[in-house]
Amino acid sequence: MLINIEDLRQRARRRLPKAVFEYVESGAEDGFTLNANRRGFERYLFRARSLVDVSTRDQSTTVLGQKLSTPLILGPTGLAGLLAPWGEVLAAKAAASRGSLFTLSTMSICTIEEVAAAAPPPLWFQLYVWKDRGVTRSLVERARAAGYTALCLTVDVPEMGNRELDRRNGFSVPPRITLTNVLDVFRHLGWVLRMSSSPRATFGNFIDTGALAKKDAVSVAGFTNRQFDPSISWKDLDWLRSIWPGPVVLKGISCAEDARLAVEHGVEAIIVSNHGGRQLDFLPGAIDVLPEVVDAVQGRAEVILDGGIRRGSDVVKAIALGARACMIGRPFLYGLAANGQAGVELSLDILSKEIDRTLALIGRPRLSELDRSALRMELLPSATEPRPALRVLDGAA
């Protein structure tokens, strides 16, 4: 029975080869940040109000002027099409069916055009600024032509993080059968058969790029790995704004200073994110950074939380701390691996029902009513200190 996100995770684990599942699951180096994303939510407890009429509840929100039925955004995840054939298309269609929105990764298997042709708006496109600025411009122009409504610029990858599990597993793009993984792959023949109907097993947005046209998948993967640019700076954001007419969302902000700079450069929304713990290890959990960023922007940009969501109650905590919405990555990927589009829809249904139930139980029937007075923060003691009393967050009633 699939009744929560952990159930979907376990189904995904059974259906995917080890290397593919651990590509989704793993973080950088020691996994401190990966785990901090979950631990951070444990610091916040609810202040429930009683005798409140909660017979009608509303969890809708607006993001960049677009009304969403639920405060959930499917975040950009590379190679989602390795979990199910046409994975990005299925996820985008699932998001639309639930009143959410989908963000297509630059590193997707399905192309910008394939997703836009198959799924209704709203759609966002996630972008890296590559060393080859001509390729970057081409991606932006393609997203604009295809009708994507916002550009989501990821800024925390000057180079790839040290993902040791991927290295130990020999994970590669496209996937290869080796002596190390042959037995595991053949234990998952269902996945092999499903993926045989997939359009390709590489980064689809680059398969026809310039000198790579008609080259093999290995060449495409090598090209993209060489394109991450450590020289990217705020001037590149200004350049992007000159070629993209719509709103720009900055993903990967983890401190107040950068949040203020983002606002100064005209960014319409900020995503508080540490890349799911997959880049720099020993960053704080995303939820721990959220109040700092919300206070820094002072309402001049919308703030979205990305990282660690596994329960609807997590989403409610993030909204209470000032987020407009939350991005999810692994939860919908588990659903995609478990049962394709229906699995993604189930992941959204699970979280939406948990959000609804939490709103009822804390006596806040409308998402828009949430603020920090809905929370208490538990100060985490050291092993030798007595556990302190709970306190209401600053600004609470």
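## Second largest pocket

Twenty residues line the second largest pocket, with Val 155, Asp 156, Gly 252, Ile 253 and Asp 258 nearest its centre. A pocket here is an open set of points on a 1 Å grid over the protein atoms alone, with protein on both sides within 12 Å along at least five of seven lines; lining residues have an atom within 4 Å of a point. This is a predicted model: local features need pLDDT of at least 70, side-chain atom pairs count only at pLDDT 80 or more, and totals for chains, interfaces and linings use all residues. Residues are numbered from 1 along each chain as its sequence is written, and side-chain values use heavy atoms, with hydrogens and water left out.

The second largest pocket holds about 410 Å³ of space. Volume is the space filled by probe spheres set on the points, which are joined across faces, edges and corners. α11 (234-243) and β8 (248-253) each give at least two residues to the lining. Helices (H or I, at least four residues) and strands (E, at least two) are DSSP runs, numbered from the N terminus. The lining divides into 11 nonpolar, six polar and three charged residues. Ala, Val, Leu, Ile, Met, Phe, Trp, Tyr, Cys and Pro count as nonpolar, Asp, Glu, Lys and Arg as charged, and the others, Gly among them, as polar.

## Largest pocket

The largest pocket holds about 980 Å³. Of its 45 lining residues, Tyr 23, Met 160, Arg 163, His 275 and Arg 278 are closest to the centre. At least two lining residues come from each of α2 (18-25), α7 (164-169), α10 (217-225), β11 (325-328) and α15. By class, the lining has 21 nonpolar, 15 polar and nine charged residues.

## Cavities

There are three cavities of 30 Å³ or more. A cavity is a set of grid points where a 1.4 Å probe fits but cannot get out.

## Tyr 334

Tyr 334 sits in helix α15 (residues 330-361). Beyond neighbours within four places in sequence, Tyr 334 is in contact with residues including Ile 5, Leu 8, Phe 21 and Arg 310. Contact means heavy atoms within 4.5 Å.
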